[in-house]
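The following note sets out points on the structure shown below. They are arranged by topic and may be read alongside the sequence.

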Amino acid sequence: MFQTVFIQAIGLLAVVCFIFSFQIKSNKALFLCQMAGSALFCVQYLLLGAFTGCLSYLAAIIRNIMLSNMQKAQWLRWKGWSWLFSAVALVIMVFTWQGPASILPTLAFVVGSFALWTDNAQKIRFYNLICISPSYLAYGIYAGSIGAILNEIFILSSIIISIYRYGWKAMGENKFEK
């Protein structure tokens with residue numbers, strides 16, 4: 001009983017990190033807070049035996065560190081990173097295969113990598129809405145992570161609210177392809 005509560009508490013703490021990250025003005029602090037949340041989900045999935053999700057979150061932390069430094073380093077803007085991270089995700093899936101559910105975090109990670117490297121808020125929200133969050137939500141249900149389920153519901157709700165508040169066209173442009 002205590003073990004189950006402890007594992008679920010890790011996921012709920014991760015959700016708190018993600019929710020809190022959206023209240024921070026500094027991009028660097030936002031990324032750090034989200035990486036802390038990702039690290040907590042990584043640990044939770046490890047403890048739940050959901051190894052594809054665990055390693056996908058670990059790869060996402062590395063990817064997000066790179067993305068958070070795109071403004072500073074031209075080499076990080078290379079579109080090939082999406083393909084490289086996709087290959088890593090497929091290797092993770094093959095070596096941690098636990099049935100068709102292993103496809104879910106892999107799909108979310110691959111689509112997320114391509115969406116994030118566009119640096120286009122509209123595309124990122126669109127792919128989060130139709131693929132990334134639904135895939136992570138389904139995987140959270142499969143793995144039994146209450147925190148992951150709540151986190152994805154929060155993300156989906158937040159995207160829908162932002163589209164309603166600001167309109168679809170106000171979601172942004174790609175600043176690196178101009």
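How many aromatic pairs does the count come to? The points below concern a predicted model, and the first of them takes up this question.

1. Aromatic pairs. The count comes to 15 aromatic pairs. One of them joins Tyr 45 and Tyr 57, whose ring centres are 5.9 Å apart and whose planes make an angle of 35°, a tilted arrangement. Tyr 45 belongs to helix α2 and Tyr 57 to helix α3, so this pair ties together parts that are twelve residues apart in sequence. Both partners fall under the 20% limit for burial: Tyr 45 has a relative accessibility of 1% and counts as buried, and Tyr 57, at 7%, also counts as buried.

2. A tryptophan pair. The ring centres of Trp 78 and Trp 81 are 5.4 Å apart; their planes stand at 80°, so the pair is edge-to-face. The angle is over the 60 degrees that this class requires. Trp 81 is buried, its relative accessible area being 16%.

3. Aromatic cluster. Which residues form one aromatic cluster? The members are Phe 18, Phe 41, Tyr 45, Tyr 57, Tyr 136, Tyr 139 and Tyr 142. Tyr 45 and Tyr 57, the tilted pair of point 1, are thus both included in this cluster.

4. In soluble globular proteins, nonpolar side chains tend to be buried together. In this model, the largest nonpolar core has 31 residues, and those with the most contacts inside it are Phe 41, Tyr 45, Phe 109 and Trp 117. At least two residues of this core come from each of α1, α2, α3 (51–68), α4 (80–95), α5 (103–116) and α6 (121–143). Helix α3 gives the most, with six residues.

5. Surroundings of Trp 117. With neighbours within four places in sequence left aside, Trp 117 is in contact with Arg 63, Met 66, Leu 67, Met 70, Leu 76, Arg 77, Trp 78, Lys 79, Trp 81, Ser 82 and Phe 85. Both members of the edge-to-face pair, Trp 78 and Trp 81, are among these contacts. Lys 79, also in contact with Trp 117, is found in the loop between α3 and α4. With a relative accessible area of 37%, Lys 79 is partly exposed. The C-alpha atoms of Lys 79 and Thr 118 are separated by 8.3 Å, although these residues are 39 residues apart along the chain.

6. Helix α1. Does the length of this helix agree or disagree with its number of residues? The 20 residues of α1 (residues 2–21) should span 28 Å at 1.5 Å a residue, and the end C-alpha atoms are 28 Å apart, which agrees. The buried residues of α1 are Ile 7, Gln 8, Ile 10, Gly 11, Ala 14, Val 15, Cys 17, Phe 18 and Ser 21. They cover an arc of only 160° around the axis, which puts them on the same side of α1. Phe 2 and Phe 20, on the other side of α1, are exposed. The partners against which the buried residues of α1 pack are α2 (27–48) and α7 (146–166).

7. Gln 44. This residue lies in helix α2. Gln 44 is buried, with a relative accessible area of 0%. Not counting residues up to four places away in sequence, Gln 44 touches Ile 7, Gln 8, Ile 10, Gly 11 and Ser 145. Ile 7, Gln 8, Ile 10 and Gly 11 are among the buried residues of α1. Gln 44 and Ile 7 are 37 residues apart in sequence, and their C-alpha atoms are 5.9 Å apart in space.

8. Leu 104. Helix α5 holds Leu 104, which counts as partly exposed at 23% relative accessibility. Leu 104 touches Ser 135, Ala 138 and Tyr 139, residues up to four places away in sequence not being counted. Between Leu 104 and Ala 138 the C-alpha separation is 7.3 Å, across 34 residues in sequence.

9. Cysteines. How many disulfides does a search of the whole structure find? The search finds zero disulfides. Cys 33 is in no disulfide: the nearest cysteine sulfur, that of Cys 17, is 4.9 Å away, whereas a disulfide requires sulfur atoms within 2.5 Å. Cys 33 counts as buried at 12% relative accessibility. Cys 131 is buried, with a relative accessible area of 13%.

Conventions: Residues are numbered from 1 along each chain as its sequence is written. This is a predicted model: local features need pLDDT of at least 70, side-chain atom pairs count only at pLDDT 80 or more; totals for chains, interfaces and linings use all residues. Side-chain values use heavy atoms; hydrogens and water are left out. Helices (H or I, at least four residues) and strands (E, at least two) are DSSP runs, numbered from the N terminus. The expected span of a helix is 1.5 Å times one less than its number of residues. Buried means under 20% relative accessible area, exposed over 50%, partly exposed in between (1.4 Å probe, protein chains only). The arc is that of the directions from the helix axis to the C-beta atoms. Contact means heavy atoms within 4.5 Å. A nonpolar core is a set of buried Ala, Val, Leu, Ile, Met, Phe, Trp, Tyr and Cys residues joined through side-chain atoms within 4.5 Å. Rings of Phe, Tyr and Trp (its six-membered ring) pair if their centres lie within 6.5 Å; planes under 30 degrees apart count as stacked, over 60 as edge-to-face and the rest as tilted.
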